[in-house]
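Subject: Handover of a structure and findings

Dear colleague,

Please find below the structure that I am handing over to you.

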Amino acid sequence: MSPSPRRYLAGRFRADAAALHRRAELLAGTRDGRPSGGPDAAASTRMAVACETVAAMVEAVTDGADEPAALAALIPLLEQRAAASGAEGNERAVFAGAATRLREVLAAEAQPSQREEGDARGAGAPRRRG
């Protein structure tokens, strides 16, 4: 059985934060702290903190029947954070990416129930288009 969308998303953002913190530590130990590609140590740390913020938002959602709706309610909040004038570019990307990931996970979760609905009508029954 696969984890709930909430657990999957929280784990994903926690793992991203840990990877970004490791990157920041590695870059901080280099001569100039500048990578050949990607964000520098300071930006990596800010992105890690943004990932931790997203993970905390997702973890605050309660398991249960209302989980998909509660997760969907986070999307406009993440978009607002991304659009905030004070949000630095890399942080903005984290919040916008999180909103996109939430949409994708919720859409994927909705598909099996649509297939089950079609199966309940019969394999050969056409779907109604409205």
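Helices (H or I, at least four residues) and strands (E, at least two) are taken here as DSSP runs, numbered from the N terminus. The model is predicted, so local features need a pLDDT of at least 70 and side-chain atom pairs count only at pLDDT 80 or more, while totals for chains, interfaces and linings use all residues. Residues are numbered from 1 along each chain as its sequence is written, and side-chain values use heavy atoms, with hydrogens and water left out.

Overall architecture

The protein has four helices and zero strands, and its elements run α-α-α-α from the N terminus on. Buried residues (under 20% relative accessible area, with exposed meaning over 50% and partly exposed in between, for a 1.4 Å probe and protein chains only) make up 29% of the 130 residues. Contact is taken as heavy atoms within 4.5 Å. Among contacts between residues at least 6 apart in sequence, 63% join residues at least 24 apart. The protein exposes about 8,200 Å², of which carbon and sulfur atoms supply 53%; accessible areas come from the Shrake-Rupley method with a 1.4 Å probe, and for residues only the protein chains shown count as cover.

The nonpolar core

A nonpolar core is a set of buried Ala, Val, Leu, Ile, Met, Phe, Trp, Tyr and Cys residues joined through side-chain atoms within 4.5 Å. The largest one holds 26 residues, and those touching the most other members are Leu-9, Val-54, Val-58, Leu-71, Leu-74, Leu-78 and Leu-102. At least two residues of this core come from each of helix 1 (5–28), helix 2 (41–59), helix 3 (67–83) and helix 4 (89–121). Helix 2 gives the most, with eight residues. Leaving aside residues up to four places away in sequence, Leu-74 touches Met-57, Val-58, Val-61 and Leu-102.

The expected span of a helix is 1.5 Å times one less than its number of residues. Helix 1, with 24 residues, reaches 34 Å from its first C-alpha to its last, close to the 34 Å expected. Its buried residues are Pro-5, Arg-6, Leu-9, Ala-10, Phe-13, Ala-17, Leu-20, Ala-24 and Leu-27. Helix 3 has 17 residues and should span 24 Å; its end C-alpha atoms are 25 Å apart, which agrees. In helix 3, the buried residues are Glu-67, Leu-71, Leu-74, Ile-75, Leu-78 and Ala-82. An α-helix has 3.6 residues a turn, so residues three or four places apart point the same way.

Ser-44 is found in helix 2 and is buried, with a relative accessible area of 0%. Beyond residues up to four places away in sequence, Ser-44 touches Leu-20, Arg-23, Ala-24, Leu-27 and Pro-39. Ser-44 and Arg-23 lie 21 residues apart in sequence and 6.8 Å apart in space, C-alpha to C-alpha.

His-21 has its place in helix 1 and counts as partly exposed, at 26% relative accessibility. With residues up to four places away in sequence not counted, His-21 touches Ala-48 and Glu-52. Between His-21 and Ala-42 there are 9.8 Å in space, C-alpha to C-alpha, and the two are 21 residues apart in sequence.

The largest pocket

A pocket is, on a 1 Å grid over the protein atoms alone, an open set of points where a 1.4 Å probe fits, with protein on both sides within 12 Å along at least five of seven lines; lining residues have an atom within 4 Å of a point. The largest pocket has a volume of about 230 Å³, volume being the space filled by probe spheres set on the points, which are joined across faces, edges and corners. Its lining has 12 residues, of which Ser-4, Pro-5, Glu-67, Pro-68 and Glu-109 lie nearest its centre. Helix 3 and helix 4 are the elements that give two or more residues to this lining, and the largest share, three residues, comes from helix 4.

Ser-4 is found in the segment before helix 1 and is buried, with a relative accessible area of 18%. Ser-4 touches Asp-63 and Glu-67, again not counting residues up to four places away in sequence.

Yours sincerely
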